[in-house]
Amino acid sequence: MKVVALVSGGKDSCFNMMHCVAEGHEIVALANLCPPPGKPDELDSWMFQTVGHDIVGSLYSEALQLPLYRHHLTGTNVSQAMHYTRSLGDETENLFALLKEVLSEHPDIEAISVGAIASNYQRLRVEDVASRLGLVVLAYLWERDQTSLLSDMVDAGVEAILIKTACVGLDSRHLGWTLAKAQNRLMQLHAQYGVHPCGEGGEYETLVLDCPIFMRRLELIDEQRKDSEDGTSYLKAGAVLIDKAQAADSSWQRICLKSSQLDLPFTRIKWPQLNDRQFSPVELKKMDAQPQGLTKVDSAAALTINRYVFTDENINDLGHAVQGPREDVLVCFLVLRSMADFAAVNAQYARLWQGFHPPARVCVASHFLDQNTRAVMHVVRPTYRTTDPNDNGQRLWVQSQSFWAPANIGPYSQSAVSSVLGAGAAKHRIGFVSGQIGLIPSTMALPLTDVRSQIQWSLQSLLRIVASQSLLKSVGSQTGSAVLVAYLIDVAHVDDARAAARQVGFGLGNSRTLYDTVNSDEHPTEGGRSWRDCSLTPEESPVELLTIVMAPGATLPRDAAVEWQLIALSPAASTDDEVSDDDDNDNKERVKASGSLPSLSVSTMRIPVQEEFLDLITFDVQHTDDFTIPAQLIVLDDDTTVQRATVRYV
């Protein structure tokens, strides 16, 4: 793609440009926001580095031999919420105007390069501007480990110097130090004080004098150091361009591209041989009555699930069908009759979440929906909202293309986390990770090799999302638990999925496989246990694996062979405040002793309706209190109306 690069003169924007080139993109223009005349060199911007702007404006175009477009940074942080609302006078609108001008001169530009590493605030605003202009955001440094990232910058030949210091352990003596010289010092400060190695906390700013994609290098002149009263130190200097002695070798490209590969644990998976099958498939037979355990939802339910069915007649109503406060929705299970409807349904679905970050989502297609049904959607939200504004939910919504995990290919967040209220107002943290298919993040394409490669890439993406939100932090300490769900098209890859999940860090001790056959007269067993009783206790395994083999004819997005989902549950951070009933001292002591929620276990029920079947995957929380939490619903092979499924805890 042809790319416009946002440049501040700092190491991050330049190193991301190097990644764009290594990935085969063509940078055709540079864009920079700078202070207006008469304003200080450093503005109080939440988005952009302006220190060193004078050198960028005078020399970077010639150094890179690319046109440089500049606008004055006149806006401020008018919209301070994490989700950006377009606001007159906001600095984000300065970026929009700048890039709109660039596109008027270069209408064939398709993407924008940005050096975001960890700032969701910055990334979300760049993504908002890019979406309005039809651009793809390329953010190859996103969520990179800062220690290894700093080393890669040095090893790849990024010659950047410190031009601002603003943290303990750094002062005017360190101004002018190169990254290579400052690296050990930064790592010491990281170990002692938690300083971000790449300066993501504003600890320092840099100016790049040379890197492998520069045609000419910069050399500083007339250096002056200045200390401010708040402890911040600045380097003010001029610069000149000089010819480079020789062109850089190609080793820097290998350094950039190594981050586009699978992590070592995923490349070292030991795959089972054909004669090493480890499972006995569960055959779910037709049942004449509803299974035990299906009850009505009562007023103590912590989650509410609403079901919507869309036919040819009302499919265009999907965009405004969800009732109630939509910003509370945590996850949607979307089942299409045909994946050929994905684009049309997705456009309608996107209208539901305009103005705020969308919930997590799992999407499958099943031809078992009847001929008149185009889509079925289950919407899950907390039944009760807490009064704490911090409990309204967290959404991880990444639309940038990176090495980290796939950008959203639809209007959904990679994860959604929220507090839910159970019995006695006990507060718990529940997180949903959207279904992850095996897209290679840097290319957004499925691997061209085999299904095992899709298993590797999809699991790596899911684990990175889980880690970024600390969803498994409590799992394994008997205070939290999780369910990992694998949706597979072909039963032949069940063993591969299980082997991969066990070997890459989930610590699984329990797994089951379910698929659609009805020719068994007896309940089959797995490991000597009935499928109805094969959930392990928390002591045996804190994370359970459920492998679902889809019904014949079912499809996943992009015709993927596997999709992974994770649901994690943990107690709230403070157990002292989780129970609001002062008279229930015994219950409060039980909550404290148990860590609130010792287990999240899986059970699967089969509901017979006419001649077809409906799968209800229920995630039930074993708790010392007597309360009901509704099950999650995922329709695999039928569109039959079913009320909420719940499990009661005693």
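The expected span of a helix is 1.5 Å times one less than its number of residues. Helices here are DSSP runs of H or I with at least four residues, strands are runs of E with at least two, and both are numbered from the N terminus. With that in hand, meet helix α1 (residues 11–22): its 12 residues reach 16 Å from the first C-alpha to the last, close to the 16 Å expected at 1.5 Å a residue.

A word on what you are looking at. This is a predicted model, in which local features need pLDDT of at least 70, side-chain atom pairs count only at pLDDT 80 or more, and totals for chains, interfaces and linings use all residues. Residues are numbered from 1 along each chain as its sequence is written, and side-chain values use heavy atoms, leaving out hydrogens and water.

Back to α1, which is mostly covered: 11 of its 12 residues are buried (under 20% relative accessible area with a 1.4 Å probe, protein chains only). Among them are Phe 15, Met 17, Met 18 and His 19. After the helix comes Gly 24, with a positive phi near 95 degrees.

Next, find the open sheet of 4 strands, ordered β7-β6-β9-β8 with antiparallel pairing. Because β7 (204–210) and β8 (216–227) stand at the edges with a single partner strand each, one side of each has no neighbour in the sheet. Neighbouring strands are turned by 25 degrees against each other on average, direction ignored. Inside the sheet, β6 (residues 159–165) and β9 (residues 233–243) pair over 2 bridges; two strands pair if DSSP finds at least two bridges between them. Lys 164 stands opposite Tyr 234 in β9.

On a 1 Å grid over the protein atoms alone, a pocket is an open set of points with protein on both sides within 12 Å along at least five of seven lines, a cavity is a set where a 1.4 Å probe fits but cannot get out, and lining residues have an atom within 4 Å of a point. The largest pocket holds about 870 Å³. Of its 37 lining residues, the closest to the centre are Met 47, Phe 48, Gln 49, Gln 122 and Glu 205. Both α1 and β7 return here, each supplying at least two lining residues, as do β2 (26–34) and α4 (120–133).

There are also 6 cavities of 30 Å³ or more. The largest cavity has a volume of about 170 Å³, and β13 gives the most to its lining, with 3 residues.

Terms used
Axes fitted to C-alpha atoms, helices over the stretch in contact; angles between N-to-C directions. Buried < 20%, exposed > 50% of the residue type's maximum accessible area, 1.4 Å probe, protein only. Points joined across faces, edges and corners; volume = space filled by probe spheres on them.
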